[in-house]
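Here is a short briefing on one protein model. Keep the structure open beside the text and find each element as you read.

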Amino acid sequence: MSRPEYPHTVTADLPGLSFDAARAIFQDQAKAGHLAVVDDNDRAFVLNPDHGLIGIERTATGLQAIAAAEDDRWMFIMKNAVVVQMKKTQPDLAAALRWSDADDTGAVPPTFTFVTVQSVEPLGQAFLRVVLKGDDFSAYGRESIHFRLVQPAKDGPPSWPTLAPNGSVKWPDGDNAPHKPVYTARAIDPVAGTLTVDIYLHEGGKTIAWAREVMAGDQTRARLGIMGPIGGGLLDDDAVILAADETGLPAAARILENLPAHATGQLLVETDAGQGADYPLNVPDGVRVTWLSRDAGDTLGRAMMDAMATPHKTAVWFAGERGQAAKVREFAKDAGWNPKELRVNGFWKA
Ligand SMILES: Cc1cc2nc3c(=O)[nH]c(=O)nc-3n(C[C@H](O)[C@H](O)[C@H](O)COP(=O)(O)OP(=O)(O)OC[C@H]3O[C@@H](n4cnc5c(N)ncnc54)[C@H](O)[C@@H]3O)c2cc1C
């Protein structure tokens, strides 16, 4: 396979690591992430995640890691991916890694954006709609629509993620650590410079407590950050099976309104109150919606498995509780679905 070109490439020496050991590390990554291998020979092993390259290459004197990307943002994501993967089996080497480009240690990562809250309002009975204002939300287009909502600790000076010397992200820890759950960019308005996020009102949520403080007028809580993109994006398919609980509804809503108008298939939704969730959805005529009330605990997972009983040509997308997602993935594997074509994700942990 030919290697795609990217304008920027950086390298980092890997002293003391054999080619075979390094290759095994990246081979695991390729397998786990279903990533394309674009070089596999006795000099190099290179993977092609979206928007870049990561891998290893022999040099005249040893071995180096490589990362290539189209811009700073993606370069940071590639370098971070190398460090995170190496850390699993070579933690000392991962910590000591130094890249050949400028050292930005201590700066906020290029994927971090400061935002302020423009408004917080109830959306039906089960959600709060938060509109954030910021400089650039272009990263949350078709290919990736999720981010970390980085909420500083309530007491003490706000603290933010920074770049570590090895190019990975360093999150503040201890009492001053921010809370950073993952949310979905439900809508982007590039003209107004806003990003809309819909927050499900579940028991005990720290983000809901934060949003209510802002609603009550606490301006000190209205400045925060988002970091991303992370996770998947929209679907281009003509035939779909989608399943979501409340946490997946904002993403499902955005996917649905961007499907081709002639798309067919079904949307399964599990909520506390069944249809009563009154979350606004714009569904193509050919997509049937089934509302399920949460009862025995794995309602959504079971409905999804019924819909997937026989493998067929359709996009599969599931967003719900993590344990249910794992069961759906296992079922899909046994039933013969191609794992590369499944988007089955745990959105929260019971
Ligand atoms: C890719 C992705 C996209 C997501 N998009 C959205 C989104 O757009 N809107 C949204 O509301 N959520 C979304 N989520 C889910 C959200 O990240 C989690 O629900 C997260 O735990 C919320 O953080 P918190 O601060 O409210 O609660 P936390 O402080 O993290 O958790 C507090 C307690 O609440 C429990 N909890 C968390 N979620 C639920 C739930 N759904 N039902 C019952 N108990 C729960 C936890 O188990 C924990 O005990 C998304 C998750 C992922 C991975």
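Predicted model: local features only at pLDDT ≥ 70, side-chain atom pairs only at ≥ 80, totals over all residues.

Strands in a sheet are joined through backbone hydrogen bonds, in either a parallel or an antiparallel way.

**The antiparallel sheet**
- S2 pairs with strand S3 (residues 44-48) in the antiparallel sense, over 4 bridges.
- Look for Asp 39: its bridge partner in S3 is Val 46.

**The parallel sheet**
- Another open sheet has 5 strands in the order S17-S16-S15-S18-S19, with parallel pairing.
- Strand S17 (286-293) and strand S19 (342-348) are at the edges, and each pairs on one side only.
- Neighbouring strands here are turned by 10° against each other on average, direction ignored.
- Strand S16 (residues 264-271) pairs with S17 in the parallel sense over 8 bridges. Leu 267 stands opposite Val 289 in S17.
- Helix H5 (residues 249-257) packs on the sheet. H5 touches strand S15 (239-244), S16, S17 and strand S18 (315-321). Its direction makes about 160° with that of S15.
- Helix H7 (residues 322-335) lies across S18 and S19. H7 runs at about 160° to S19.

**The domains**
- The chain is divided into domain 1 (8-96), domain 2 (112-230) and domain 3 (239-348).
- How far apart do the C-alpha centres of domain 1 and domain 3 lie? They lie 34 Å apart.

**Around the ligand**
- There are 26 residues around the ligand. Pro 181, Thr 184, Tyr 200, Gly 205 and Thr 207 come nearest.
- Several elements give two or more residues to this shell: strand S11 (182-184), strand S13 (194-200), helix H4 (206-215), H5 and S19.
- Which element gives the largest share of the shell? S13 does, with 4 residues.
- Domain 2 and domain 3 each supply at least three residues of the shell.
- By class, the shell has 12 nonpolar, 9 polar and 5 charged residues.

Note on methods:
Residues numbered from 1 in each chain as written. Domains from an automatic or database assignment. Pairing = 2+ DSSP bridges. Axes fitted to C-alpha atoms, helices over the stretch in contact; angles between N-to-C directions. Contact = placed C-beta atoms within 7 Å. Near = placed C-beta within 6 Å. Nonpolar A, V, L, I, M, F, W, Y, C, P; charged D, E, K, R; others polar.
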